[in-house]
Protein chains: 2
Amino acid sequence: MAEVKLFRTWSSPFALRIVWALKLKDVPYDTIFEDLANKSSLLLQFNPVHKKVPVLVHNGKSVAESFVILEYIEETWKHNPLLPEDPYDRATARFWAKFGEEKVLLSIWEAFNSEGKEQEECIVKAKENLKYLEEELKGKKFFGGERIGFADIALGWLADYEGVFEEVASMKLIAEDEFPLLSEWKRTFADAPIIKENWPPRDKLVIKFQAIREASLLKKLGN
Amino acid sequence: MAEVKLFRTWSSPFALRIVWALKLKDVPYDTIFEDLANKSSLLLQFNPVHKKVPVLVHNGKSVAESFVILEYIEETWKHNPLLPEDPYDRATARFWAKFGEEKVLLSIWEAFNSEGKEQEECIVKAKENLKYLEEELKGKKFFGGERIGFADIALGWLADYEGVFEEVASMKLIAEDEFPLLSEWKRTFADAPIIKENWPPRDKLVIKFQAIREASLLKKLGN
């Protein structure tokens, strides 16, 4: 058994961040696949507060919350750094990671879980947020510059899951002509070594998110 | 003029984190007090994405988002560290900071902005979150151990603003008998040098948060 264990699910985009970070740093680890409808006692023991994945266990000690785990990985295995050296550049990476989580993900999720006029309004908001990312990519291959960094990993779900959200909710958010740089980044990131081989099967993601959207719309009808 | 400038308001608990961090590290800085109802063009220029305080400007470059700023301060001025050395202990501090923001603050804010049966339910949730903090303080003076650290600064609003919330919304969350360690931490933190001299005037906070609560309850009635 490796000294590093990752508790994840097959579909969690948050856990995928940890998969990418560990693989980009070539840290060997064991995977424990969780079923969140039937959580293992180990998961509850290692993440008693949130009871969620991802959880990283290193030498018997657990770390939860994907951004906290990313910082832990960066500080524990310093090679192939995810963050640049300069404090200002590090702050910039953390800023966009946080923005992606609190603004981009949230607004896209609201668009995904709505329909009709409500969805149209959510799409406008989501695009306003995406425009900041488009701007940030000017003159850069990745958010991290020439190579994949902290913000790319944080925003990586955009390169695959976002397309699933578009398909399932019949909406278009990141069109080539409106977001050329972000569209290019999506392709470059999704096809990069290590990233490419770790996406979950797209057909399974579609089924899962179809079920989530249906449940969410039904719940809104009930309100 | 100092090379460091802090954009804040007199009442923002998020900006107060940066005041504490800079003063704990003895970094000289200039303060620009903003009126959020009439934002300065400089604030909009330095934080075009969120248009909020706090913003730290260092040698002309701006950093926004209080946790991102704290990490920047920690990496730029390494003396009097806010984070411990060990990566696992650093992860623990970041975990509780994030938990304080996403769970504790949110649940207390919901209790503050509600009344009657709804408020009672919110108080139960808030206390569930507070119990994790009580547990974490076992055997420790501060969340950071013997001295004020990253998590203490992140949770610092609990030592003063939370009491204002209790008073304004006529509720009790952190009672001495239910949360003895957290109660003791509140006193110790609030009275610590540097922390103590930077609290905003309590009477002004009460007036401000009374207005916020009234507006919030009115809005709910309108829905």
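The structure is a predicted model, and every value below is computed from it. Chain A contains nine helices and four strands, and when it is read along the sequence these elements follow the pattern β-α-β-α-β-β-α-α-α-α-α-α-α. The radius of gyration of chain A is 18 Å, close to the 17 Å that the globule rule gives for 223 residues, so chain A is as compact as a globular protein of that length.

**Overall build of chain A**

- Taken along the principal axes, the box filled by the C-alpha atoms of chain A is roughly 50 × 45 × 30 Å.
- Of the 223 residues in chain A, 57% are buried, a word that here stands for a relative accessible area under 20%.
- When contacts in chain A between residues at least 6 apart in sequence are considered, 71% of them join residues at least 24 apart.

**A salt bridge between the chains**

- Side chains of opposite charge can pair when their charged atoms come close.
- Over all chains, the structure holds 36 salt bridges.
- One of them is formed by Glu75(A) and Arg90(B), whose closest N and O atoms are 2.9 Å apart.
- Because Glu75(A) lies in helix α3 (residues 66-76) of chain A while Arg90(B) lies in helix α4 (residues 87-112) of chain B, this pair joins two chains.
- Both partners are buried, since Glu75(A) has a relative accessible area of 13% and Arg90(B) has one of 16%.
- Glu75(A) and Arg90(B) also belong to a network of salt bridges, which links them with Glu71(A), Arg90(A), Arg94(A), Glu71(B), Glu75(B) and Arg94(B).

**Salt bridges within a chain**

- In chain A, Lys186(A) forms a salt bridge with Glu162(A), and the closest N and O atoms of the two are 2.5 Å apart.
- This pair links distant parts of the chain, as Lys186(A) is in helix α8 (residues 180-191) and Glu162(A) is in helix α7 (residues 161-168), 24 residues apart.
- Lys186(A) is buried with a relative accessible area of 15%, and Glu162(A) is buried with a value of 0%.
- In chain B, the side chains of Glu178(B) and Lys127(B) meet in a salt bridge, with a distance of 3.0 Å from N to O.
- Glu178(B) lies in the loop between α7 (161-168) and α8 (180-191) of chain B, and Lys127(B) lies in helix α5 (residues 116-136) of chain B, so the pair ties together parts that are 51 residues apart in sequence.
- Glu178(B) is partly exposed, with a relative accessible area of 32%, whereas Lys127(B) counts as buried at 19% relative accessibility.

**A covered helix in chain B**

- Helix α3 (residues 66-76) of chain B is mostly covered, with ten of its eleven residues buried.
- Among these buried residues of α3(B) are Phe67(B), Val68(B), Ile69(B) and Leu70(B), as well as the charged side chains of Glu71(B), Glu74(B) and Glu75(B).
- The cover over the buried residues of α3(B) includes α4 (87-112) of chain A, and from chain B it includes α1 (13-24), β3 (55-58), β4 (61-64), α4 and α6 (150-155).

How values were computed. Residues numbered from 1 in each chain as written. Chains lettered and ligands numbered in written order. Predicted model: local features only at pLDDT ≥ 70, side-chain atom pairs only at ≥ 80, totals over all residues. Heavy atoms only, no water. Rg over C-alpha atoms; globule rule 2.2 N^0.38 Å. Buried < 20%, exposed > 50% of the residue type's maximum accessible area, 1.4 Å probe, protein only. Contact = heavy atoms within 4.5 Å. Salt bridge = Lys/Arg side-chain N within 4 Å of Asp/Glu carboxyl O.
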